[in-house]
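Subject: Structure for you to look at

Hello,

Here is the structure I said I would pass on. Please look it over first, then read my notes below.

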Amino acid sequence: MNSEAALLANTFQKVRDLTKWYFSLVKDANPYHQWEVNGQKLNSIAWLAAHLVWAEDFLIVRATGGKGLGLEWLEHYKLGSDGSLHEEKPDMKTLLSLLKKGHENATAHLLSLSNEKLEEENAFGFGFGGVKTNRMMIQHCIRHEAMHTGHLSWLCKINSTESV
């Protein structure tokens, strides 16, 4: 097993563990409610869950040559989406199940990547600071989820969750 891929997978697992904890703290909140702060609508709990499923599927799996979940409706939650929920409004139980399934798929794929594969340009040619490697996409997915985990912490406070 590639030790760098294992380190990236372990780091992402630590972020996911925190994300799961915050989702557990808002389990009694309305997952579809979009709070408004200073005239700006925040993403709902359900939107964040769906977006994180999309992000991991896109950034770690499909961008690095793996087989994604194949859920076309996930594209509604892609980068630059407007924060609205897809017409089908998946329930939180489904979304949390997909978070788990998608993470298992992404972790297995990530652990299969060699150092050479991490150095290759990602399938979408997406980059930051001129870097377009598979490694960068995985690192971005980790920091991307951590940012949205912070958003979940705000939603815990807004929903008066005691444990935060």
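**Surface and overall build**

The chain exposes about 8800 Å², and carbon and sulfur atoms supply 53% of that area. Accessible areas come from the Shrake-Rupley method with a 1.4 Å probe, and for residues only the protein chains shown count as cover.

This is a predicted model, in which local features need pLDDT of at least 70 and side-chain atom pairs count only at pLDDT 80 or more, while totals for chains, interfaces and linings use all residues. Residues are numbered from 1 along each chain as its sequence is written, and side-chain values use heavy atoms, leaving out hydrogens and water.

There are five helices and two strands in the chain, in the order α-β-β-α-α-α-α from the N terminus. Helices (H or I, at least four residues) and strands (E, at least two) are DSSP runs. The C-alpha atoms fill a box of roughly 45 × 30 × 30 Å along the principal axes.

**Inside the chain**

Of the 164 residues, 44% are buried, meaning under 20% relative accessible area with a 1.4 Å probe, protein chains only. Among contacts (heavy atoms within 4.5 Å) with a separation of 6 or more, 69% join residues 24 or more positions apart.

**Cysteines**

A disulfide is a covalent bond between the sulfur atoms of two cysteines. The search of the whole structure, which looked for cysteine sulfur atoms within 2.5 Å, finds zero disulfides. Cys-141 is buried, at 2% relative accessibility, and Cys-156 is buried at 0%.

Regards

Methods
Buried means under 20% relative accessible area, exposed over 50%, partly exposed in between (1.4 Å probe, protein chains only).
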